[in-house]
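Trainee: I would like to go through this entry feature by feature. Please show me how to read each one.

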Number of protein chains: 4
Amino acid sequence: MQSPVFRFPLRIYWEDTDGRGLVHPSKMLHFYERARTEWLRALGIEQQKLREQTGGIFVVTHASVHYAAPARLDDQLWVTAQLESAGRASITLSQQALLQHAVSSDDQPQLLSEGRIRIGWVDATSMRPARIPASILEQLS
Amino acid sequence: MQSPVFRFPLRIYWEDTDGRGLVHPSKMLHFYERARTEWLRALGIEQQKLREQTGGIFVVTHASVHYAAPARLDDQLWVTAQLESAGRASITLSQQALLQHAVSSDDQPQLLSEGRIRIGWVDATSMRPARIPASILEQLS
Amino acid sequence: MQSPVFRFPLRIYWEDTDGRGLVHPSKMLHFYERARTEWLRALGIEQQKLREQTGGIFVVTHASVHYAAPARLDDQLWVTAQLESAGRASITLSQQALLQHAVSSDDQPQLLSEGRIRIGWVDATSMRPARIPASILEQLS
Amino acid sequence: MQSPVFRFPLRIYWEDTDGRGLVHPSKMLHFYERARTEWLRALGIEQQKLREQTGGIFVVTHASVHYAAPARLDDQLWVTAQLESAGRASITLSQQALLQHAVSSDDQPQLLSEGRIRIGWVDATSMRPARIPASILEQLS
């Protein structure tokens, strides 16, 4: 069974663009992280509190992004997060950035990028990989 | 025959770190891009001039990064760029970030990340894919 | 007569924090710019269209920021923008970042930073200062 | 007696530019911070070690930047740091960004920006202002 797709809206500002007139490729990792953060928040997980309670944090261990079409200043995006798999020490998400169209209700949002992000759980002090607390895994699934 | 490995040094500053105490994963794309820019410059290619002369620019079309170990404030890195393949409309590079060790001459630099980046050539106005100018492909190989 | 205070909400993400555990000081300029952009949008001014129509763009010519208190991951902010003065070639805004409190309706939002930003109008090609188009000045006041 | 001017070279990359074709104003705070970090390092102060040894960190409490001329992709800059005053709990620096000219030895570097940055010393855990350790103040003067 597939996990539900979480969807988060965001806007493109000057800070996101580069001298090529497009959104800088690194920003897509910011956008994906914002969507994951809000996905976690929607599941009741706040990362700052999580760290205080468990001593652990999520860190990105692998990121793969395909840039399908350019995003530009003032564009309004949907960024998605969908849990693909959850293991003992890491989880993997599928994520997309989509351009919101306002032209007509038939318009499909245009795909700007899609990525796969693997997130590991580490001890915040030693930065060593550790098992994701069971309570977190439960909230995720 | 393998292409030579280009190596570029850089330092980690506060701006590169995030609240987890590590370099933010998005910064690795900045570091790789700096190394690619200096690799191009070493081959005689300045991207600003290139755009003025040809009307085209390089853009990232795919990025895949494995984060092997954390980088921290004040770390001194080597970032590499190695041409893996060059086609008519895109090139692919292998890149690594390595931690410089100063302890002894026997020390191997520690691998922090490795990635594969595909760069496409597009018309700077239309953002449509185009053929990389032959003179550029010659300089690259 | 004072101009009205425009207020824009935003959230702090990992990308905004640095290794000190706080929001990096440079991000305040991003937050202020997002609020100014939304203030302009609320007045009917989209900067991308503006450039296409007039050939001009707004650029920051002076920024002064006092950091009153730290912002942290997951914080929810209000960022304000208030027109202070408008000349022929530049405008000046007062801006603040405030921490939203959800505790009770009596809570005053806490001041995180306040700044004064001067924005000049320049020709987008030559980057030379120019007069702000009269229609823009009208929309601003 | 004036403090000596510390000078640090850096290059402009795509990551530093925005869709206006210029360096984004927020990046100037990054460049100033890099120069301050290297100035401290030249005085024997590494901020990561400093935190481990003293429990304190430097944070920016005020930043004022005048943007005199645009910086662009591939530009090579000098960024300066000069101690203006040192108090018990904060220090103030004058900083400039200058464009390196390679045309002739008579060329004066062009002023791109100048700023004044006040840095406070805070306890890294409580974020409360504290006295700069005497040993640090000695190294600075």
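Trainee: At what angle do α1(A) and helix α1 of chain B pack, and how far apart are their axes?

Mentor: Two packed helices are described by the angle between their axes and the distance between the axes. Axes are lines fitted to C-alpha atoms, for helices over the stretch in contact, and angles run from 0 to 180 degrees between N-to-C directions. In this predicted model, α1(A) and α1 (residues 25–42) of chain B pack at about 175°, with axes 8 Å apart. α1(A) and α1(B) are therefore roughly antiparallel, the word for angles over 145 degrees. Helices here are DSSP runs (H or I, at least four residues), and strands (E) have at least two, numbered from the N terminus.

Trainee: Which residues of α1(A) and α1(B) meet?

Mentor: Contact requires C-beta atoms, placed from the backbone, within 7 Å. P25(A), S26(A), L29(A) and H30(A) meet P25(B), S26(B), L29(B) and H30(B).

Trainee: Which residues have the most contacts inside the largest nonpolar core?

Mentor: In soluble globular proteins, nonpolar side chains tend to be buried together. A nonpolar core is a set of buried Ala, Val, Leu, Ile, Met, Phe, Trp, Tyr and Cys residues joined through C-beta atoms within 7 Å. Buried means 20 or more other C-beta atoms within 10 Å of a residue's own, exposed 12 or fewer, and partly exposed in between. The largest core has 74 residues, and A35, L77 and A97 of chains A and B have the most contacts inside it. Another core, of 73 residues, lies apart from it and includes F6(C) and A63(D).

Trainee: Where is M127(A) placed?

Mentor: M127(A) is in the loop between β5 (110–123) and α3 (134–140) of chain A. Its phi is near 65°, a positive value in a residue other than glycine. With 16 other C-beta atoms within 10 Å, M127(A) is partly exposed.

Trainee: What is the mean pLDDT of chain A?

Mentor: pLDDT is the predictor's confidence in each residue, from 0 to 100. The mean for chain A is 94, and 95% of its residues reach 70 or more. The model scores ipTM 0.94 and pTM 0.96.

Trainee: Which conventions apply?

Mentor: Residues are numbered from 1 along each chain as its sequence is written, with chains lettered from A and ligands numbered from 1 in the order in which they are written. Local features need pLDDT of at least 70 and side-chain atom pairs count only at 80 or more, while totals for chains, interfaces and linings use all residues.

Conventions: Parallel < 35°, antiparallel > 145°, perpendicular 65-115°, else oblique. Contact = placed C-beta atoms within 7 Å.
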